[in-house]
Amino acid sequence: MIQSETLELLEWHRLCQHLSTFAATKLGATAARHLKMPDFQAESEQLLEQTKEVYQLESRLTTGLSFEGIQDIGDSLERAELSGILTGDELLAIATTLAGARNLRRVIDNQEDLPILTNLVADLRTYPELEQEIHRCIDERAQVTDRASQKLGEIRIDLRRLRTQITQKLQNILQAKAGAVQEQLITQRGDRYVIPVKAPQKDAIPGIVHDTSTSGATLYVEPNSIVPLGNQLRQIIRKEQAEEEAIRRALTEQVAAVKPDLERLLAIATTLDLATARSRYSFWLGANPPRFVNREESEIITLRHLRHPLLVWQQQHEQGQPVIPVDLFISPQIRVVTITGPNTGGKTVTLKTLGLAALMAKVGLFVPAREPVEIPWFDQVLADIGDEQSLQQSLSTFSGHIRRISRILEALGTGEITGVEEMENGRVEEIKEIFPTPPLPHSLVLLDEVGAGTDPVEGSALAIALLQYLANHAQLTIATTHFGELKALKYEDERFENASVEFDESTLSPTYRLLWGIPGRSNALTIALRLGLKPEVVEQAKSQVGEATDEVNQVIAGLEAQRRRQETKATEAQNLLQQAERLYKEVSEKASALEERESALRASQEVTVQQAIAQAKGEIAQVIRRLQQGTPKAQDAQQATNALNQIAQKYQPATPPKPKLGFIPKVGDRLRIPKLGQTAEVLTAPNDDGDLTVRFGIMKMTVKLEDVESLDGQKAEPVVKAKPAPTVVTPPPQPAPAIRTSQNTVDLRGKRVADAEYILDKAISEATGPVWIIHGHGTGKLRQGVHTFLQQHPRVSNYEPAERADGGSGVTIAHIK
């Protein structure tokens, strides 16, 4: 009973209703609205694996997993087993269900890394021969076809022939008795053919009157001459109906023969649809897959930016307020967490959010929190939330809480609290605790306003005793309270932890943020003073509270202020770290690009030098051959000398101009670092090794003296002798036109925008030239997402659609800076 009460208190049925809207079939929606809680952790892990694999599969498919054609044929299968005759619509539904299940299996079998889903559909039997037989006998209008049997075909030929005869005879009568008929029309009443006859002229066309118009002016008469044909038509129609029934009976018997396999098919299709609904709902929530942790192995509960799924739905579909997430980090030794703070501060929402997160993980749903999502598997989630006051049952608020807590303890196997009797002032005369049986360790207990509704002294004592007992008998208990005495439990027992909801005194409103390690403090007097209560009254109240309480509140306020300062500094440090990482990445990329360019330049220079040497050797060989021909003369020797000088002048590189020297950097000077393309400020003068420290932006680095120059291009005098210039210096080669290859082409077709951005960012960070991005046409959402991403990326200078031969508007070329 307490399990169903807990689900009701956590509004689990609303979450299941939301989940059902993501199902594709009626069976899947029904299963989503009545989710069964797994009894073992292995079942939950199996469900989570199904959800993960469907999530992975749908990210690859362009249109997602299709359940087209699959219908709820359960009632039809039951009637077939009971020898009932199925209608054409029911038989057609069975055929389309078989085809839809076959398509599902084909899609899954075409994937290689989906072991859970592949195993699920391995035993799926879709009976294509039964499907074909149904389509052969039943058309798309759910009528039996002429080809269903030879006898039926012959009967329908006779029917068409007889109807033609009747129509021809009636047409002759209409023409012969045109003055007696109301209009030139042949119609039917039941299965009899009639013509409209004017009431005063009924004797002109003798026959059987089957109907009369509302005004009585028209009689619908079957002429006597076609009555025998009508009787004959009725007999043939009876034969047609009997033959159609026989055909449908034969098909029904085939269905009944494979009923167990068809029921198995329905169960598999429903399981797949439910897994797909879980995957789609999880994707819509922006949730992540949980990992079940074992607290006995010192694993921490980690739920970062956990959001309430019902509030997310309310924000998206019902114009609700933005959802403020909470962070839950619970150490393995902690068994009880007490949350304090003002009313409407979010304490109860925190309880419900954690309870729903535990249930979602248990049924195979992802949890709406940032990765990593680490939570224990709870065999029970038990809650006492809200007010169970009942006038009909003579229950006060306190008695309602005690009765529900008693049921929680019974479910834990720890006994019950009995003997609750109320006094007129709400005090409890007797509270007897009986704990006869050992506990169940894997339970989550959620208690809202524990000990409330009675005398504060006795309520506080009861709350302390209850929480201490739950620390021994439940894996984790989260309790909200206003009792200050519960704050001290943390300092007496290491299994207890304090948390509080933050309150902004400047606006007199809660921030809904959960603060760990700091107990909540009373804000009643502060609020009263700010709302205009006379200061002397507030001061008198403070004196009644006592100096000790005031000092505690001041200590807590100091802790809160210190925490806020630390959070601000942590945020600033995180921002600086991210900026430094971004700059470091940019500098590293530029340095890598420069190194690659220098390597390419050296390789090009080597090729050029080798070519020049080979050509010079050839020309020198020609001069030598000319000298060797005949007797050399002084004039020939002079000509050979001149030729060699010309070759030397042609291939010997010109001496490079010496760089300007004399620049000596001083602290505070601005200089340029050509290799990095950056302008920097000198922080320290060059040392004996020629090293100096510079700063550009927020980054500091040490550079060599020979790697810097003044802003007007002067080189600094190096301490260490500069390296000799290369033998040959040629101008850098002109960049080759960009060519599309498999290395600079990214195919994003079928990807979601979020997945595409990740792939695209990686490709751009590794690219040294243009990147071809294939996104296709489709609905245009992927192309729009790609263009938005390129506009914001720091490495992309511009982008443009590809040439028509390269894909046109279905492909975008991104140019890298």
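**Notebook: E11 and onwards**

I started with E11, which sits in the loop between α1 and α2 (12-20); helices (H or I, at least four residues) and strands (E, at least two) are DSSP runs, numbered from the N terminus. E11 is not a glycine, yet I read a positive phi of about 60 degrees for it. E11 counts as partly exposed because its relative accessibility is 23%; buried means under 20% relative accessible area, exposed over 50%, and partly exposed in between (1.4 Å probe, protein chains only).

Before going further I noted the ground rules: this is a predicted model, where local features need pLDDT of at least 70 and side-chain atom pairs count only at pLDDT 80 or more, while totals for chains, interfaces and linings use all residues. Residues are numbered from 1 along each chain as its sequence is written, and side-chain values use heavy atoms, with hydrogens and water left out.

**Whole chain**

I counted up the secondary structure and got 21 helices and 25 strands in the protein chain. Of its 817 residues, 41% count as buried. I also looked at contacts (heavy atoms within 4.5 Å). Among those between residues at least 6 apart in sequence, 66% join residues at least 24 apart.

**Cysteines**

How many disulfides are there? I looked for pairs of cysteine sulfur atoms within 2.5 Å, and the count comes to zero.

T6 lies in helix α1 (residues 2-9). T6 is buried, at 1% relative accessibility. Leaving out residues up to four places away in sequence, I found T6 touching V381, L382 and A383.

G28 is in helix α3 (residues 26-33). Is G28 buried or exposed? G28 has 0% relative accessibility, so I put it down as buried. Apart from neighbours within four places in sequence, G28 is in contact with A23, T270, D273 and L274. I noted the D273 pair in particular: G28 and D273 are 245 residues apart in sequence, but their C-alpha atoms are 5.4 Å apart in space.

**E240**

I wanted to know where this glutamate ends up. E240 is in helix α10 (residues 227-257), and E240 counts as buried because its relative accessibility is 14%. Not counting residues up to four places away in sequence, E240 touches L152, I155, R156 and L159.

**A cis bond**

I came across a cis peptide bond joining E371 and P372, with omega about -5 degrees. P372 is in strand β9 (residues 370-375).

D448 is in the loop between β13 (443-447) and α15. With a relative accessible area of 8%, D448 is buried. Which residues does D448 touch, not counting those up to four places away in sequence? I listed T348, L351, D384, I385, G386, H401 and T480.

E449 is another residue other than glycine with a positive phi, near 55 degrees.

**Cavities**

On a 1 Å grid over the protein atoms alone, a cavity is a set of points where a 1.4 Å probe fits but cannot get out, and lining residues have an atom within 4 Å of a point. Grid points are joined across faces, edges and corners, and a volume is the space filled by probe spheres set on the points.

I got five cavities of 30 Å³ or more. The largest cavity has a volume of about 80 Å³. Its lining has 13 residues, and H401, I405, V450, G451 and A452 lie nearest its centre. The elements giving two or more residues to this lining are α14 (397-412) and α15 (456-473). Which element gives the most? I noted α14, with four residues.

Methods. On a 1 Å grid over the protein atoms alone, a cavity is a set of points where a 1.4 Å probe fits but cannot get out, and a pocket is an open set with protein on both sides within 12 Å along at least five of seven lines; lining residues have an atom within 4 Å of a point.
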